[in-house]
Amino acid sequence: MREDVLFKIDGVSRENLEYLAEARARNGEARYLELADIASALAAEALPLFADGYTVRDVFSMLLGAAEMPSAEPTPSVSGTGRMLSFLSADTDNLDKVVLAELIISELHAVGRVVSEADFLPSEPEEATVTYVRNALSDEAFDVFAEELSDPRVVYADSLTDSARAVSAGEVSYCLLPLEERGGVRLAVSSELMLKYDLKINSVTPVFGLDGGADLKYALLSRSFRVPSENEGDDRYLEIRLFDKSTEALTRVLDAAAIYGSEIYRVNTVALESEGERELFYSLVLRTEGDFTALLTYLTAFCDDFAAVGIYKNLE
């Protein structure tokens with residue numbers, strides 16, 4: 001291809017784009033400073049609420065959820081570009097929220113109130129009673145999970161439904177359910193039981209069977225969360241449901257996750273039966289070697305329609 005026919009941006013258009021890029025950078029710096037001031041004020045408002053016994057989730061929902069971020073609509077007279085300009089405006093609004101969520105954590109840390117994943121993912125002390133439907137694969141999974149639990153006791157169940165129901169009723173602490181088939185395909189029956197009985201994934205392990213050919217994953221589930229430790233090189237996973245089914249809502253959450261340093265491990269559109277009704281939602285699994293505190297702050301404050309499903313490591 002001849003170089004003299006390659007298209008190049010030059011002249012007035014290049015100068016204008018350079019000017020606008022510079023202006024955007026300076027505008028970003030100014031917005032950051034304003035957001036830092038807002039975060040400082042929010043931290044000051046939060047401290048007496050913590051002293052009154054409100055949880056981090058309560059405080060962030062009250063204060064950050066009420067923080068209307070200023071935004072501007074594109075000029076209507078710019079013919080034929082309204083949709084794209086609206087996207088640019090919405091992106092700025094979401095970025096402000098992403099930055100603000102992280103800044104408020106930093107400001108609270110500076111005044112002695114450390115916020116962590118556990119503030120958003122409550123755990124309850126549990127006796128190590130475990131129920132599951134016994135077979136060679138579930139026994140293999142239990143042997144792995146038993147290393148995490150203190151003196152676990154087993155109650156065998158007749159069905160997966162009985163296992164999930166027993167945990168929900170508080171009869172046992174944990175149940176084991178087959179989670180994924182080969183290739184990462186979620187088992188609908190287990191997903192439906194998790195939704196129906198509001199079970200949280202505490203841990204996941206692959207099982208392979210005696211001949212090594214099973215390639216199935218099992219999950220350890222309970223009514224609350226167990227936040228795994230952070231060790232160098234460990235992959236940690238956060239699983240959430242997003243009930244706002246708009247593409248814009250999904251994009252905002254994925255953008256926030258990327259900015260906070262999380263990778264997208266899996267995104268699915270899920271349709272499940274629960275209590276006789278069909279539930280539609282996005283299922284997101286995000287992965288990081290760090291933690292999810294900033295993302296959980298953002299979700300709690302700015303996403304009305306999400307639910308945490310689990311936080312875990314893949315015990316491989």
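Modeller: Gladly! Let's begin with the term we need for helix packing: axes are lines fitted to C-alpha atoms, for helices over the stretch in contact, and angles run from 0 to 180 degrees between N-to-C directions. Please keep in mind that this is a predicted model. Helix α7 (residues 247–259) packs on helix α8 (residues 293–302) at about 155°, and their axes are 9 Å apart.

Biologist: What makes α7 roughly antiparallel to α8?

Modeller: Angles over 145 degrees count as roughly antiparallel. The angle here is about 155°, and that makes α7 roughly antiparallel to α8.

Biologist: Which residues meet there, in α7 and in α8?

Modeller: From α7 come Arg252, Val253, Ala256 and Ala257, and they meet Leu295, Tyr298 and Leu299 of α8. By class, this contact divides into six nonpolar, no polar and one charged. Arg counts as charged, so Arg252 of the α7 side is the charged one by that rule. The crossing of α7 past α8 is right-handed.

Biologist: What makes up the contact of α1 and α2?

Modeller: Leu42, Glu45, Ala46, Leu49 and Phe50 of α1 make it with Val56, Val59, Met62 and Leu63 of α2. The residues divide into eight nonpolar, no polar and one charged. α1 passes α2 in a right-handed crossing.

Biologist: How do you know that α5 and α6 are roughly parallel?

Modeller: The axes of helix α5 (residues 160–168) and helix α6 (residues 188–197) cross at roughly 20° and come within 10 Å. An angle under 35 degrees counts as roughly parallel, and α5 and α6 are therefore roughly parallel to each other. On the α5 side are Leu160, Thr161, Ala164, Arg165 and Ser168, which meet Val189, Leu193 and Tyr197 in α6. That contact has five nonpolar, two polar and one charged residues.

Biologist: What makes a space in the protein a cavity?

Modeller: A 1.4 Å probe fits in it but cannot get out. The structure holds one cavity of 30 Å³ or more, and the largest cavity has a volume of about 80 Å³.

Biologist: Which residues line the largest cavity?

Modeller: The lining is made by Leu179, Glu180, Arg186, Val204, Lys217, Tyr237, Tyr265, Arg266, Tyr312 and Asn314. β3 (174–181) and β8 (263–274) are the elements that give two or more residues to this lining. Five of the lining residues are nonpolar, one is polar and four are charged.

Biologist: How do you know that Ser123 is in contact with Ser224 and Phe225?

Modeller: Contact means heavy atoms within 4.5 Å. Leaving aside neighbours within four places in sequence, Ser123 is in contact with Ser224 and Phe225. Ser123 sits in the loop between α3 (82–110) and β1 (129–132). Its C-alpha is 7.9 Å from that of Val227, although Ser123 and Val227 are 104 residues apart in sequence.

Methods:
Residues are numbered from 1 along each chain as its sequence is written. This is a predicted model: local features need pLDDT of at least 70, side-chain atom pairs count only at pLDDT 80 or more; totals for chains, interfaces and linings use all residues. Side-chain values use heavy atoms; hydrogens and water are left out. On a 1 Å grid over the protein atoms alone, a cavity is a set of points where a 1.4 Å probe fits but cannot get out, and a pocket is an open set with protein on both sides within 12 Å along at least five of seven lines; lining residues have an atom within 4 Å of a point. Grid points are joined across faces, edges and corners, and a volume is the space filled by probe spheres set on the points. Helices (H or I, at least four residues) and strands (E, at least two) are DSSP runs, numbered from the N terminus. A crossing is left-handed if the near helix is turned anticlockwise from the far one by less than a right angle, and right-handed if clockwise. Angles under 35 degrees count as roughly parallel, over 145 as roughly antiparallel, 65 to 115 as roughly perpendicular and the rest as oblique.
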